[in-house]
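Open the model in your viewer and keep the selection tool at hand. We will go from stop to stop, picking residues and seeing what is there.

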Amino acid sequence: MLTSISHGTATDLPPLVIAHGLYGSARNWGVIAKRLSDTRHVIAVDMRNHGNSPWTAVHDYPSMADDLAEVIQHHGGVADVVGHSMGGKASMVLALQHPQLVRKLTVADIAPVPYGHSQIQFIKAMQSIDLNEIERRSDVETLLAEQGVEKALQSFFTQSLDVPGKKWRLNLDLLGAEMPKIMSFPDLATQWEGPTLFLSGGNSDYVMPEHRATIRGYFPKAKFAKIPGAGHWLHAEKPREFEAATRAFLDA
């Protein structure tokens, strides 16, 4: 089963499962998860091939959805789910393929569509670094900067760095090979009728007006909201606003 970090304890509300995006981890969500755990049990997972979760031979959305289903079944059989980017696509497939496991779904800055902008350049940047020469996390941030990686992403990526072990907690080779699947979305002939919030960054172009027909084809009860001034990493850029919007939706 996926490795996870738990916050809070069980209450009358269903647990909240948080699925991070590509190159992320459960640790990235620590502050938001802890704050949301004041009223319920919150479980932030490391997705497969990320963090301390198992490395696998396949990285596609049906498999990631099955991973999340296993976690929810272990924690009582029904949950609210928040998924960002890759984790948002996995969470959508979870709701479409395992509808009985999800009560409410929040999809952060992603749509159920294929995307053309690959993230392969970041894999190449991380793979180019000789970790045997590294003594401190800041050394890697400097080398990533030389590769053209922006400051915010430098610190984000190095959260997945095991400095003493001289390795990334990311299955970079497999993620690179599976990038076409990560950028795509499976063609599913199902709908999920539950409450769904598509929460986007006001400065992001990942969820566009032309995506809404496709979204509503899968999620007829979809609602849409934006966080002003936030980009694709909206939960990191505007954590309080993200928490407030998520809480309002889940508690409604």
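Which residues lie nearest the centre of the largest pocket? Select Leu-153, Phe-156, Trp-233, His-235 and Ala-236, which lie nearest that centre among the 22 residues of the lining. Before going further, note that this is a predicted model, in which local features need pLDDT of at least 70 and side-chain atom pairs count only at pLDDT 80 or more, while totals for chains, interfaces and linings use all residues. Residues are numbered from 1 along each chain as its sequence is written, and side-chain values use heavy atoms, with hydrogens and water left out.

**Stop 1: the largest pocket**

The volume here is about 480 Å³. A pocket is an open set of points on a 1 Å grid over the protein atoms alone, with protein on both sides within 12 Å along at least five of seven lines; a cavity is a set where a 1.4 Å probe fits but cannot get out, and lining residues have an atom within 4 Å of a point. Grid points are joined across faces, edges and corners, and a volume is the space filled by probe spheres set on the points.

Now colour α1 (30-36), α4 (120-127), α6 (151-158) and α10 (234-237), the elements that give two or more residues to the lining of the largest pocket. Helix α6 provides the largest share, four residues. Helices (H or I, at least four residues) and strands (E, at least two) are DSSP runs, numbered from the N terminus. By class, the lining of this pocket has 11 nonpolar, nine polar and two charged residues. Ala, Val, Leu, Ile, Met, Phe, Trp, Tyr, Cys and Pro count as nonpolar, Asp, Glu, Lys and Arg as charged, and the others, Gly among them, as polar.

**Stop 2: the cavities**

The whole structure has three cavities of 30 Å³ or more. For the largest cavity, of about 150 Å³, select Ser-85, Gln-119, Met-183, Tyr-206 and His-232, which lie nearest its centre among 15 lining residues. That lining holds 10 nonpolar, four polar and one charged residue, and α3 and α8 (179-183) each supply at least two of its residues.

Next, pick Leu-16, Leu-36, Thr-39, Arg-40, Arg-247, Leu-250 and Asp-251 to see the lining of the second largest cavity, with a volume of about 40 Å³. Three of its lining residues, the largest share, come from α11.

**Stop 3: the sheet**

Show the strands: seven of them form an open sheet with mixed pairing, in the order β1-β3-β2-β4-β5-β8-β9. At the edges are β1 (4-7) and β9 (222-227), each pairing on one side only. Two strands pair if DSSP finds at least two bridges between them. Zoom in on β2 (residues 16-19) and β3 (residues 42-45), which run parallel and are joined by four bridges. Here Val-17 stands opposite Ile-43 in β3.

**Stop 4: the helices**

Then select α2 (residues 61-74) with α3: their axes come within 8 Å and cross at roughly 75°. Axes are lines fitted to C-alpha atoms, for helices over the stretch in contact, and angles run from 0 to 180 degrees between N-to-C directions. Contact means heavy atoms within 4.5 Å. To see the contact, show residues including Tyr-61, Leu-68 and Ile-72 of α2 and Met-86, Val-93 and Gln-97 of α3.
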